Amino acid sequence: MTDQVTAVAYSPNGKYIVSSSNDKSVRVWNSSIGIEILQFNGHTHWVTSVAFSPDSRYIASGSVDESIRVWNLSTGVELLQLNGHTDSITSVVFSLDGKYIASGSVDRSVHVWNSLTGAKLLQLDGHINTVSSVAFSSDGNYIISGSNDKSIRVWKSSTGVELLQLNGHTDWVTSVAFSPDGRHIISSSDDNSVHVWNFSTSTELLQLNGHTNNVSCVAFSPNSKYIASGSYDKSIYIWDSSTGIKLLQFNGHTQWVTSIAFSPDGRHIISGSEDNAIHVWNFDLGTELLQLSGHMDWVTSVAFSPDGKHIVSGSDDKSVHVWDFATGTKLLQLDGHTNRVTSVAFSPDGKYIVSGSYDKSICMWDSYTGVVILWLNGHTSYVTSVAFSPNNKHIISGSYDKSICLWNSSTGDRILQLNGHTYWVTSVTFSSDGQFIISGSVDRSVRLWNSSTGDELLQLNGHTNSVSSVMSSPDGKYIVSGSDDRSVRVWNLTTAAELLQLYKQFNNMAVIESSSKNDGLTQKISICTIGVVLQIFNCIN
């Protein structure tokens, strides 16, 4: 993709992923190995929505060019072009029997089409603003639509008659879906909430709220049962990693949370923030224990020593600090970098600290004395992330130069350079056994590499904005990623399947302004969230 990715979908047979983009293309990927196998071109403007047919043979795509197109997955041929809407298409979906396609549009209408002939069968009018999302019930008898008029409407799919109107959201409805059993409807909105409705009674059952800004960092607990996420909304959330249920929320920082880490025993969490402070939280009690002050600028990275006795922090003030965990006393200040420190980590034996910086270098320090052991130079732009291998022998680094470098921690020699990301690399880590390197990037992908050969093994696509943080679970089974699309995703490391999406806020083509303090860049981030996470149905069925 050469522009923003607007929508993604899995094929029902699990073999393929389809993605659409503002570059006007539709692309199909092998879901096992992450290789692009097809590219469909024909739309003359941004493609906003894509969907597979239930038999995985066809793909429907909707575009700002006001058309819906149907493509043959086997041949790559365009089969149909459906015209009739008078403004941009926002959402397309197949009925579960594959016979029909429903589409929503900025023209405020929902259209129902024959998927074989392309004939328009129905036009559903009633919304007074953009229709943002459409979905069929599992039995195909009903269509639901969400709109910028803040309402959800339910229609009889055979006649087009409006049956229900669900009101409760206080801002644009961005996405709607039926539960697989047809008993519930779920909706998300720019009012930062997710609502769950009883279809039979039209009553609201649940309202789920969470992070209200970008997710900046994620971490697994040592037992893999919990995930911590930090956000630009200044909070830290704790989630059950198997169900996606939010268990705890820590508040206390007065600026964006930039980094989080669990203690080795899983009982404590540390967080760094742009308020220049490090907070220590008791996971069992849900309370704040300590606040560590001493940095003169944003805290960008925090980590525990393997024995849990010390904390290391990196900062925009160009320094690395080492703290006593029990007392909060600063033990060492490591100076040497000539620009902001972006990432810090302890070696597995606790003897060394590695730091990465905007000065394009990586430094290895003696964690007891603060003496510099090695300077690693080779990146041609800012170093964003560093980590030790589990066996202490290697250091990995990611950079704005789009590359990942593997270094010998004894000699400082660069062993491998991994190229493949098409934009800045923001986060790197090793799998728990050291066999794999995991990386996240502003190109919205998470990639898995062989740490011995440097070969790219997998590309995990699904995030709709920059990936800001990646981590492997301690048991080596999962990868967790956090993104500026405000979601945390959990992936199976072996199969590359996405297991959970932990969404904090749902936006539809919302524009968020953020400024980088150091380089003066202003980023405009466009997020399109078409799908809604259905994991929560496990909690209400």
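Biologist: So two strands pair if DSSP finds at least two bridges between them. Which residue stands opposite V354 in β35?

Modeller: M364. Keep in mind that this is a predicted model.

Biologist: How many bridges join strand β34 to strand β35?

Modeller: Five, and the two strands run antiparallel. β34 covers residues 352–357, and β35 covers residues 361–366.

Biologist: What order do the strands of that open sheet take?

Modeller: β33-β34-β35-β36, four strands with antiparallel pairing. At the edges sit β33 (341–346) and β36 (372–377), and each pairs on one side only. On average, neighbouring strands are turned by 15° against each other, direction ignored.

Biologist: Where is S347?

Modeller: S347 lies in the loop between β33 and β34.

Biologist: Is S347 buried or exposed?

Modeller: Buried. S347 has a relative accessible area of 1%, so it falls under the 20% cut-off.

Biologist: What does the side chain of S347 reach?

Modeller: The backbone nitrogen of K351, at 3.3 Å.

Biologist: And which residues does S347 touch, not counting those up to four places away in sequence?

Modeller: P306, Y352, F388 and N392.

Biologist: Take C363, then. Buried or exposed?

Modeller: C363 counts as buried because its relative accessibility is 0%. C405 is buried too, with a relative accessible area of 0%.

Biologist: Back to strands. What order do the strands of the open sheet with β5 take?

Modeller: β5-β6-β7-β8. These four strands pair in the antiparallel sense. The edge strands are β5 (47–52) and β8 (78–83), each pairing on one side only. From one strand to the next, the twist averages 20°.

Biologist: Over how many bridges do β5 and β6 pair?

Modeller: Five, in the antiparallel sense, with β6 covering residues 58–63.

Biologist: Now charges. How many salt bridges does the structure hold?

Modeller: The structure holds 11. In general, side chains of opposite charge can pair when their charged atoms come close.

Biologist: Which residue forms a salt bridge with R153 at 3.7 Å?

Modeller: D149, with 3.7 Å between the closest N and O atoms. Both R153 and D149 are buried.

Biologist: And which residue forms a salt bridge with R153 at 3.3 Å?

Modeller: E162, going by the closest N and O atoms. E162 is partly exposed, because its relative accessible area is 31%. R153 counts as buried because its relative accessible area is 9%.

Biologist: Which residues do salt bridges that share partners join into one network?

Modeller: D23, R27 and E36. Within it, the side chains of R27 and E36 meet at 3.3 Å, N to O.

Biologist: R27 first. Buried or exposed?

Modeller: Buried. R27 has a relative accessible area of 10%, so it is under the 20% limit.

Biologist: And how does E36 count at 29% relative accessibility?

Modeller: Partly exposed. That value lies between the 20% and 50% limits, so E36 is neither buried nor exposed.

Note on methods
Residues are numbered from 1 along each chain as its sequence is written. This is a predicted model: local features need pLDDT of at least 70, side-chain atom pairs count only at pLDDT 80 or more; totals for chains, interfaces and linings use all residues. Side-chain values use heavy atoms; hydrogens and water are left out. Axes are lines fitted to C-alpha atoms, for helices over the stretch in contact, and angles run from 0 to 180 degrees between N-to-C directions. Buried means under 20% relative accessible area, exposed over 50%, partly exposed in between (1.4 Å probe, protein chains only). A polar contact is a pair of N or O atoms within 3.5 Å; within protein, one must be able to donate a hydrogen and the other to accept it, and residues adjacent in sequence count only if both atoms are side-chain atoms. Contact means heavy atoms within 4.5 Å. A salt bridge is a side-chain nitrogen of Lys or Arg within 4 Å of a carboxyl oxygen of Asp or Glu.
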